[in-house]
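Please examine the fold that follows. The paragraphs below lead from its strand pairing to its details.

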Amino acid sequence: TASDLEVDSAVLVKNGDAPMLAYNRISSLGNYRVHVRRWNGSGWPLYGGPPLNIDPAKSATEPTLVVDSSGHPIVAWTEEVPANSHVYYGRKVFVKRWNGSGWDMLGTSGIANASRPHLAMGENGQLVLAYRKCVAGRSQCTNEDLYVARWERDSIASAYTWKVIGQTLEVNAAATVYSLQLAVHNNQPVVAWNE
């Protein structure tokens with residue numbers, strides 16, 4: 001349909017004979033919503049029903065997608081949130097995993113001041129997330145740092161969380177990161193970027 005053509009960004013992941021597609025599309029309200037579709041042999045029906053947006057009234061963009069060993073999708077995206085003293089420029093990264101019947105949020109409230117997520121999965125099934133985090137600027141971000149985090153169990157809180165690996169990765173901390181790419185080799189993240 002015509003509305004299907006109004007796609008801002010999309011990512012396709014091979015999944016045997018049922019590849020999956022995560023994308024964001026403009027809604028009738030004028031904002032973007034993240035959707036997932038899976039090839040069924042003759043078409044691309046929606047996977048999991050409604051959009052993944054936390055707030056359907058806010059724009060969600062920059063989807064990234066991996067598929068777990070059960071063939072279930074895991075999607076990360078950037079979503080607008082109300083700016084306040086803790087949120088520099090009104091963006092958060094959210095991650096959801098399909099559990100077989102619905103979407104579970106990975107993390108309780110998203111990663112604040114973050115954008116441009118990239119997901120990867122190790123051979124051991126551990127999720128890794130790279131993202132840019134705004135560290136300066138209010139209405140517009142003037143400096144973003146590059147971080148990588150793993151989805152792992154926190155031994156103190158006895159709950160899973162996104163645990164940042166090391167420090168920011170840029171060579172020049174004042175530089176802005178572009179063209180971020182993430183992969184996992186021997187269960188260790190490998191990151192490439194321009195700055």
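Predicted model: local features only at pLDDT ≥ 70, side-chain atom pairs only at ≥ 80, totals over all residues.

In which sense, parallel or antiparallel, do E11 and E12 pair, and over how many bridges? The pairing of E11 with E12 is antiparallel and extends over six bridges; two strands are taken as paired if DSSP finds at least two bridges between them. Helices (H or I, at least four residues) and strands (E, at least two) are DSSP runs numbered from the N terminus. Residues are numbered from 1 along each chain as its sequence is written, and side-chain values use heavy atoms, with hydrogens and water left out.

The predictor's confidence in each residue is expressed as pLDDT, from 0 to 100. Its mean over the protein chain is 85, and 90% of the residues reach 70 or more. Residues 1-5 have a pLDDT below 50, and this stretch has three contacts in the model beyond near neighbours in sequence; a contact means heavy atoms within 4.5 Å.

The protein chain contains 14 strands and zero helices. Of its 195 residues, 43% are buried, where buried means under 20% relative accessible area, exposed over 50%, and partly exposed in between (1.4 Å probe, protein chains only). The protein chain exposes about 10,200 Å², of which carbon and sulfur atoms supply 50%; these areas come from the Shrake-Rupley method with a 1.4 Å probe, and for residues only the protein chains shown count as cover. Among contacts between residues at least 6 apart in sequence, 41% join residues at least 24 apart.

The sheet that includes E11 and E12 comes next. Four strands form this open sheet in the order E9-E10-E11-E12, with antiparallel pairing. E9 and strand E12 (159-164) stand at the edges with a single partner strand each, so one side of each is left without a neighbour in the sheet. On average, neighbouring strands of this sheet are turned by 30° against each other, direction ignored; axes are lines fitted to C-alpha atoms, for helices over the stretch in contact, and angles run from 0 to 180 degrees between N-to-C directions.

The pairing can be followed strand by strand. Strand E9 (residues 114-121) is joined to E10 by six bridges in the antiparallel sense, and serine 115 stands opposite arginine 132 in E10. E9 and E10 form a hairpin with five residues between them, and glycine 125 in the turn has a positive phi of about 85°. Eight bridges then join E10 to E11, again antiparallel, with cysteine 134 opposite glutamate 144 in E11. Further along the sheet, arginine 153 has tyrosine 160 in E12 as its bridge partner.

E10 is largely enclosed by the rest of the structure, because seven of its 10 residues are buried. The whole structure holds eight aromatic pairs, where rings of Phe, Tyr and Trp (its six-membered ring) pair if their centres lie within 6.5 Å, and planes under 30 degrees apart count as stacked, over 60 as edge-to-face and the rest as tilted. Tyrosine 131 and tyrosine 147 form a stacked pair, 6.1 Å centre to centre with 25° between the planes. Tyrosine 131 lies in strand E10 (residues 127-136) and tyrosine 147 in strand E11 (residues 143-154), 16 residues apart. Elsewhere, ring pairs link Tyr47, Trp98 and Trp103 into a cluster.

A further hairpin is formed by E4 and E5, with five residues between them; glycine 71 in its turn has a positive phi of about 85°. Strand E4 (residues 60-67) is mostly covered, with eight of its eight residues buried. Six bridges join E4 to strand E5 (residues 73-80) in antiparallel fashion, and valine 67 has proline 73 in E5 as its bridge partner.

Most residues other than glycine have a negative phi. Asparagine 186, in the loop between E13 and strand E14 (188-194), has a positive phi near 50°. Asparagine 186 is exposed, with a relative accessible area of 55%.
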